[in-house]
Amino acid sequence: MSAKLLRVTGLTKRFGTFHAVNDVSFEVAEGSIHSIIGPNGAGKTTLFRLLTGVHAPTSGSVVFEDGPIAGKRPYTIARKGLVQSFQMTSIFPRLTALESIAAVIVTRSGRSADLLTRFHRAVESEARELLESVGLGAEAETEARTLSHGDQRALDIALALATHPKLLLLDEPTSGMSPAETRKTTQLVVELARSSGLTVLFSEHDMDVVFEISERVTVLHQGRVIAEGTVAEVQSNPEVMAVYLGEGPVLEAVAN
Amino acid sequence: MLPTTTEPAATAGVVRARGGSGSFPVLGAALAAAAVGALVLAGALLPLDDALVVENAIGLAVFALATNLLLGFGGLVSFGQAAFYGSGAYVVMLVWEHWGWSFWLGFALAPLVGAALAFVIGVIALRTRQLYFALLTLAFTQLAYVLAQQQHEFTGGDNGLFGDVLPRWLADARQGYMFTLAVAVVCALLLWRIVNSPFGLVLRATRENRDRMEALGVNVFRHQLGAFVLSGAFCSVAGTLFVIHTQSAYPQLLEWTKSGEPILMAVIGGMFAFLGPVVGAFVYTLGHQWLVQHTAHWQLVLGAVLLGVVLLRPDGLAGLASSRPWRRLRTRNGGDE
């Protein structure tokens, strides 16, 4: 069994009397592709916000590598190597793709306080390489706001990658994508994980994608973990089937 | 320092604050150089009264450029920049009045005081966002205004401070003009350098999407504080240029309406273009000068111009540069289309 990059123990977030995330525990192995699934309102997005520091947990712990990160500021967690790509694309509308990536690279390399170098000189080649790898090589000089939806998603992921994360969180990376774009993105994620040893934790609606690329799956329902295991284990779990009853894609996927 | 011809693709998108859609560094640099040349000639050849109007515009252009580091590049609307502008003027006058320091000592001290003041105000105001940030900065500059008004013994109260503070060669109006222009050019070059640096790039990214930048590892508060301090220092330098222009400092320099001026200039000229605020400063100052001779309602005209710009050309007058014929020119210059 490989080393654990992320250990979540008893994580709970209460809003008033509502337990959005309730006593959630799971571990993510280094170099794996791990997915979090669950019906709408299961707590996936809140869970991600707890991991990235947007929310502070009510109780419980999150250990990344060897240090606790629960309740730390978002930029502190990001600098440790836990970085998220967002469900609603979150980009820099009036920066070009190249500038967007360059802004992240200068931050990662500790040069964001450099007042006098020309940023292009500092990081251009690395930024172009990264854009190339996510299929945006030809769009380097395009303003982010005029990119197609699919390209914006790719840019969003590239922004996260530019930080050289150890653990990449993808919140529904293929939502709103055409089947072709979904395939492209899925392939990209798998390639990245394989080629650079990146660990990926993602939440996803599209069960075809989940079952195709995940090594482990954690199932959330009403803020709790109701199942965890390999794809085959989760697919044959009766509780999971009950929770998803009526949701077509899953039933189909399960039937396969 | 200025863009070169060796890497057209790399420099594309850096002239304008928002990058991407418009830049032609070679042409831009040539135009800027020509403008500076024209200003030198104006200072040497224009009747003295007219030259002094231009001198005033040059000083305010520095104020507008410095303010636009926050406004256009950082997305921060500060109504407190008068605090730094006014303090620049006051520092020079105060150290001369009370301790007999030379103009040069005050001139060197002013940006440091402006930076320190900006640090203190920024640490508090930058904890808030948008409207609250604007109101807090406004409150601080009003505080400075009231203090300057009430400390008669020290600041001269409502009358402010005035006197023969300038060294002899600077007191010569033509030489004062050339010195003002030289300081303005140096400030503009430094600010140009800053907005095109990694610092400036990250600042623009925080303008576009603050939360995402935070999620990508940037301590946005500290970064914005850095920009606020830099802007404060440059605003303060602009304030010292006011002393060269008038040899005085008075409370109205610290008033929040004074903070509004560079914002109006940036909006009129175009806050997403580096030199937009300079264009705005000249249009505003020269337009004001011309209008007050012809009408008592110059503010009505200002209002109409502002409305026109905001409704028709939100990118300001400099945004005109992205209209069609220019666009073609730019493409031929190795632009981005």
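Buried residues, meaning those with 20 or more other C-beta atoms within 10 Å of their own C-beta placed from the backbone, make up 48% of the 256 residues in chain A. This is a predicted model, in which local features need pLDDT of at least 70 and side-chain atom pairs count only at pLDDT 80 or more, while totals for chains, interfaces and linings use all residues. Residues are numbered from 1 along each chain as its sequence is written, and chains are lettered from A in the order in which they are written.

**Overall form of chain A**
- Chain A holds 10 helices and 10 strands, counted as DSSP runs (H or I over at least four residues for helices, E over at least two for strands) and numbered from the N terminus.
- Among contacts in chain A with a separation of 6 or more, 64% link residues 24 or more positions apart, a contact being two C-beta atoms, placed from the backbone, within 7 Å.

**Strand β8 of chain A**
- Because 5 of the 5 residues of strand β8 (residues 199–203) of chain A are buried, this strand is largely enclosed by the rest of the structure.
- Both faces of β8(A) are covered, with A:T199, A:L201 and A:S203 buried on one side and A:V200 and A:F202 buried on the other.
- Strand β3 (residues 33–37) of chain A pairs with β8(A) in the parallel sense over 4 bridges, pairing requiring at least two DSSP bridges, and A:H34 stands opposite A:L201.
- Strand β7 (residues 167–171) of chain A also runs parallel to β8(A), joined to it by 5 bridges, and A:L169 stands opposite A:L201.

**Nonpolar core**
- The largest nonpolar core has 177 residues, of which A:I101, A:A158, B:A61, B:V62 and B:V92 touch the most other members; such a core is a set of buried Ala, Val, Leu, Ile, Met, Phe, Trp, Tyr and Cys residues joined through C-beta atoms within 7 Å.
- Helix α3 (residues 48–73) of chain B gives the largest share of this core, 14 residues.
- Leaving aside neighbours within four places in sequence, A:A158 is in contact with A:I101, A:L130, A:L131, A:V134 and A:L136.

**Contact between the chains**
- The contact takes 38 residues from chain A and 30 residues from chain B.
- On the side of chain B that touches chain A, the largest share, 7 residues, comes from α10(B).

Notes. A residue is buried if 20 or more other C-beta atoms lie within 10 Å of its own, exposed if 12 or fewer, and partly exposed in between; C-beta atoms are placed from the backbone.
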